[in-house]
Amino acid sequence: MVTKLVPRGYRLALEDLGARVLEVPPIEIPGREKPGDKYQYLYTKLNMFRLEGIYDKVLFFDVDLFFLRDSPIDLFDWIPENATYFFGSTSEWKKGYGAFNSGIQLFKPSHFHYSELIEKARDPNFAGYGDQSLHNHYWVKDGPFPWTELPQKYNTHHLYDRNTQEIADGIGFHGKLWSECHLLNNASAPLFQLFAETAQAIRNLQMRKYETGESDTETVIMPVVPSACLYWNSFTKRKGGMFMKLVIVSMDTTPKSILKTRQEFGEIFSQANHVVMKRDERGGGKVSLVLRQLRMVKELFERYDFVWMLDDAVSMKGMSNSTILYDLHDHTHLTTFADCVNQKGENATASFLISKMAENKLDRVLSQYAEDKNAAAVSELSSVGAFIQRIYAGWW
């Protein structure tokens, strides 16, 4: 379930991964609004009880409850086929937070229970703010709708307090691994590597679908998550190119051995896709070639945020705990490299990385050096290095 507030790119990502996306109205309880608060639309999740007639059984879990080793699908068997109602959850391990932890809920959807819960949520005397308090006051053991206790292994929470055996037995792990991995203890710390491996598997799938054109250009891509919490924390603080898409462009004249290094570089963390451009010089020499490269960059901006154009001689080597995406920012417009211009501006190569944020500037360059309008301006440049210098000097 999503609301209208969820951007299209995230919906597309969910659909690409096989999810059925339902848009539901946001819910705020009159008299208990929290404008601007992160929990402003907390009660929106109660919409899932309105799915009666659409689904017979619903398994809900919080966004920070991860199933990294095994599937929770067998939990559906806990609901008897002839049940008139059912609500199950796992015990809350922390005192003072209720009998069960609402981070996981297994139930039969019901319009009746939806209406009841909304009505109860309006009364501040019935329960404190939040769905966990609400559910713990509604589904009580000695009430008309007692809750069923599910095996704790499906919701192993408060990870910083868990021991080695509890982690080994766990199936679902409840914790904000993307922002609080530094809080894990020695027993739970290995979970971050499982989280990173799962994230990487998702990214691999997304990047392959993106490369073949199966995914929409607006689809949000899973960021690169390294296996070490330390590197991940550093990346998230800098933001960098976390959700950006990068493509490496090679010429078809590049030696196969070097092409292989670029393909392997891109496959590390699935940090970049790789395309090969036909050289096909048709007059104008290397400068004309760079113009065509820039036109290809313009085309690739329809799908990618960064385009890295490489000279034939550039061999690449990746790092096991880092990625170029960590060093990219949305304000990085044009990056040239040491191989682009020598001291004399001669015999220079043309490796450069351009951000989509610089697309308007790229348009001006292409217009200025359009071969059919300004052939003289192109021919007067004796080398690629001089051409790159001219572009760079006027880029800003």
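# A chat about the fold, its cores and its disulfide

User: Let's start with helix α2 (residues 111–121): which residues are buried there?

Analyst: In α2, those are His-113, Tyr-114, Leu-117, Ile-118 and Ala-121. Buried means under 20% relative accessible area, with exposed over 50% and partly exposed in between (1.4 Å probe, protein chains only). Helices (H or I, at least four residues) and strands (E, at least two) are DSSP runs, numbered from the N terminus.

User: Where do they sit around the axis?

Analyst: They span an arc of only 135° around the axis, which puts them on the same side of α2. The arc is taken from the directions from the helix axis to the C-beta atoms. An α-helix has 3.6 residues a turn, so residues three or four places apart point the same way.

User: What covers the buried residues of α2?

Analyst: The cover includes α3 (131–138), going by contacts, meaning heavy atoms within 4.5 Å.

User: And what caps the N-terminal end of α2?

Analyst: Ser-110 does, with a side-chain oxygen 3.2 Å from the backbone nitrogen of Phe-112.

User: Before we go on, what kind of model is this?

Analyst: It's a predicted model: local features need pLDDT of at least 70, side-chain atom pairs count only at pLDDT 80 or more, and totals for chains, interfaces and linings use all residues. Residues are numbered from 1 along each chain as its sequence is written, and side-chain values use heavy atoms, leaving out hydrogens and water.

User: OK, big picture: how many helices and strands does the chain have?

Analyst: Eleven helices and eleven strands. Of the chain's 396 residues, 49% count as buried.

User: New topic: how many disulfides are in the whole structure?

Analyst: One turns up, joining Cys-181 to Cys-229 with S to S at 2.0 Å. A disulfide here is a pair of cysteine sulfur atoms within 2.5 Å.

User: Which parts does the pair tie together?

Analyst: Cys-181 is in the loop between β6 (172–174) and α5 (191–211), while Cys-229 is in helix α6 (residues 229–238), so the link ties together parts 48 residues apart in sequence.

User: Are those two cysteines buried or exposed?

Analyst: Both Cys-181 and Cys-229 are buried.

User: Which residues touch the most other members in the largest nonpolar core?

Analyst: Phe-192, Leu-246 and Trp-308, out of 36 residues in that core. A nonpolar core is a set of buried Ala, Val, Leu, Ile, Met, Phe, Trp, Tyr and Cys residues joined through side-chain atoms within 4.5 Å. Helix α5 gives the largest share, five residues. Apart from this core lies another, of 26 residues, including Tyr-210 and Met-296.

Notes. Polar contact = N/O pair within 3.5 Å; in protein donor to acceptor, adjacent residues only side chain to side chain.
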